[in-house]
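Here's a quick walk through one model, region by region. Have the sequence and the 3D view open as you read.

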Amino acid sequence: MLDNGNRSDLPIIAVAASKDGFEACVRLFKDIPADMPVAFLLLLGDADGGTAVVKDLQRHTRLAVVEAREAMALRPSAVHVIPPGVLPTVAQGFIRFVESDAGRDVLQPFDTLLWSMARAEAPVACIVLAGTGSDGSLGVRELTAAGGTVFVQRPEEAVDRGLPDVVIATGVATKIVSVDQMLPELQAFLWRRILEQAVVDHGIVVAVARPPNAAGDAAQADLIAANAVLMAQNDALTAETTLLQDQLAQARQAESELRSVLASINIGVLYLDRNLAIRVFTSAARAIFRVIPSDVGRPLVDLATSVRDDDLAPDARQVLASLAPVEREISRTDGQWFLRRIQPYRDDLGQVAGVVVTYADITERKRATAALETAMVEAENSSAAKSQFLAAASHDLRQPLQSLALLQQLLARTDDPAEADRLINLMDQTQVSMAAMLDSILAANRIDSGVVHPDLQPVMIGPLMKRLAAEFEPQCAARNIHLRVVASSASVQSDPQLLEQVLRNLMSNALRYTPEGSILMGCRRRGNKLTVVVCDTGIGVTAAERAIIFEPYQRGHMAIDSVEQGLGLGLSIVARLARLMDHPITVKSTPGRGSAFTLELDVVSAAPGMALPTATETPNLPQVTQTGTILLVEDEEPLRQLLTRVLEQAGHTVIARFDAPDAMKWASGEVTRPDLLLANYDLRAGTTGLQLARDLPLIFGALPTIILTGDITQDTLTEITAAGFQKVVKPVQPAALLAQISDMLLEARTANLPALHSPNTLSIAVHVIDDDPLVRESMRRLFQAEGWVVATYPSAEDFLSQARPTGTACLLVDQALPGMDGVGLVSTLRYEGSHLPAVMLTDHSDAALAIAALRAGAFDMLEKPSGRDELVASIKLAIKDAAEGRRQTRETRDAKRRLAGLTDREHEVLVRVLQGAPNKIIAADLGINQRTVEHHRASVMRKTGASSVPALVRLAYAADYDNG
């Protein structure tokens, strides 16, 4: 809204008294009419509080009594009680509290109030009642000098006459009367001011001989005469008032429209006069300058501002001098930006009356500009990085290609078998180097594309480090480098796959730059932090290299083997992956003495079922290589021929086709269904191997598929993965490709398992039920190495949905399954009448669970982790027991003999252990100390030879042990 600082003409009367003069206040206000149009200000010196005075006074007057507050508008017919401890003032119809300026005399409340009233344009007066001190003696002079009226209580009737005497001594007191005579005097004061105002406003000439007095007839006559004069002018005033009201309505309409316009454009506007004092402001300007209506008339420099605009006043003065507009962009402390424009303001006569300052919000424009500039910088950096990459890739990839060309020529000319083997070995190393370079490019591309999202979870660091040690041990041994690993049993919060890639890259970097000596990968725990250190005794890096070692395409000044130079992306990938997982990484290095890379991780509590780091390759367990019929689709003739020869030499039958239409034409004939599709992604005739892989199932049904691709863009790799097919990025080592084909054929054949449900099968069939895919895969490879047929299931419900196995078969089931658990599954099979032997696996020693499993029909319960020999032996015994039927064997007699050696107290403890009771409960039941219970339990385990609680339960179950 527009605020022009209009004043109030409400008459104001200030009343002052001390605490002991409160009785005089009550006598003053009790007879004042409730509708007297006067604003009273009561200042009661040394009173306890304004609220208490308000409550006391409300019981004795018909006027409204309120406690005065900062910025309160004066109310007619009301007593505003000033609270203690403030300096009150009035301005433009509002109450203000001010502070004493430093360096000046201490101000007194009544003097301060009277000084402010002397500057008001409304009728003003003060009443001095009983009190002490001199507060008011200065203010009454100012008040009377400004035309105000001063009423003083007669000193002889005052409880404390100190203050009345002081005010009377100033010689400016208008009336000195008793409290009971105050009301007529106030009424006369009010009438006189009304008449005087009428004379000023309307030009009425009124002769007021003396103030009205209720006791005199002459005063009454004066009032009647004045009233007659006023009545005579009523018609003229009415007409003038009507005209003024019409003009006021038009002005208000114009003001409303202007206010709406300014509010809709949301622009802050300040109008400053030539002295740079505020005259008009809009509501939008309040957010910038925190102005309020009472600030109208104040200098601009007195206002607090939320913008950094020290040039506002100088710019305004410049506009007044030059009459040329000035613009600047300024900001607030919260980051908001404005376009500030100052231009001269001319009045109706064309004279420059001041300046108009406008503030337009340009925050979004600034942000858009900043975003555009950032995007341009990123684009330039990306272009520079691409050029750098092309230069580095061109150089580094040409090196092994050149080596391959030379090695091929030397191999073609040699007749020495030993020399040929050496050249072939060098060619293999060169191919491995090229593959590693391309893998680095692929990894960097995936990270830069923003598709790598860490899946942070508890990870056991020890198994991961041991597996990496086993992976790098042969390479270190080949170079006579001592590899040492100091693992930890702690669990850390990380992504298992990404953490393994980081540590593998650090180990590869250490191996590349260590000609001799040793490599250490170790852990150190400090509080809730675990640091993993990979250090070596290699060539090290200089201080200058340490500053850029994690940047792309940066390498040490001298690698150990030129074949392993790489693209300089390994440590860059490490840094970016570590940043994604919030794992700080640092490096310390001394040229000629080695380097140490430190990765910091958060330690977390181990959680049941936590993820173990998965290896990029499956465990190296012996298995039978799978062969089959492979449909090969490759449009490059030389590569198609080479792939065909490699596959046929491995024992596969190959149907080779050159593009997708040719493959579909072949598949539409009377042909045998292939076991696997191996197709290149980019094919001729406008199709892709991925589209072919989607079309072939319409003819053959679901088919294991491998897509070969040299396109490492993220869109292509994501499309292949989303389709559910295996992808292999070129170049690929023949051995790795053959191993993947064998695994996929084995998985497909195991999933079907036609022999598992045949009663005539002679081989042992093991049905593994576990929700952990890593466990299922490990068990599958373990038992296949025994020559057994294996089927795996992720849940009990999945197993029950299949036909029940027959023949020589055994069930290996995890107790903690999603949905139906292991005990529930075995119980269901026994209820159906199935005699399939079952061995259960559990994560913890629980006697009650072991008894429940054995009673449900399980043959055995093993505690994780269980070794190969224990698993194989338990399954064989389960199958043998199922075939022979349950009877008392040497094992039963031996179990009873071992249990017979227990004491009575040990028997009592054993019974409660088998019931699943903890040591604390057992101690309470038997009335003995808990440590004694632990002693008896250890004695039971020692005498029976049981290594765990499940083993003890099996022993008791074999001996038909009961509570007696």
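How are H1 and H2 oriented to each other? They are oblique, a label for angles that are not under 35 degrees (roughly parallel), over 145 (roughly antiparallel) or 65 to 115 (roughly perpendicular). The axes of H1 (residues 22-29) and H2 (residues 50-58) cross at roughly 45 degrees and come within 11 Å. Axes here are lines fitted to C-alpha atoms, for helices over the stretch in contact, with angles from 0 to 180 degrees between N-to-C directions. Helices (H or I, at least four residues) and strands (E, at least two) are DSSP runs, numbered from the N terminus.

On the H1 side, Phe-22, Val-26 and Phe-29 make the contact, and H2 brings Val-53, Asp-56 and Leu-57; contact means heavy atoms within 4.5 Å.

## About the model

This is a predicted model, where local features need pLDDT of at least 70 and side-chain atom pairs count only at pLDDT 80 or more, while totals for chains, interfaces and linings use all residues. Residues are numbered from 1 along each chain as its sequence is written, and side-chain values use heavy atoms, leaving out hydrogens and water.

## A five-stranded parallel sheet

Further along, five strands line up as S23-S22-S24-S25-S26 in an open sheet, with parallel pairing. Two strands pair if DSSP finds at least two bridges between them. S23 (653-657) and S26 (726-729) sit at the edges with a single partner strand each, so one side of each has no neighbour in the sheet. From one strand to the next, the twist averages 20 degrees.

S25 (residues 705-709) pairs with S26 over four bridges in the parallel sense, and Leu-708 stands opposite Val-728 in S26. As for helices, H17 (residues 637-649) lies across S22 (629-633), S23, S24 (676-680) and S25, at about 170 degrees to S23. H18 (residues 660-667) lies across S22 and S23, at about 125 degrees to S23.

## Two leucines with positive phi

Most residues other than glycine have a negative phi. Leu-276 has a positive one, near 60 degrees, and is found in the loop between S10 (268-273) and S11 (278-281). Leu-323 also has a positive phi, about 60 degrees, in the loop between H10 (312-322) and S12 (326-331).

Are they buried or exposed? Leu-276 is buried at 7% relative accessible area, whereas Leu-323 is partly exposed at 36%. Buried means under 20%, exposed over 50% and partly exposed in between (1.4 Å probe, protein chains only).
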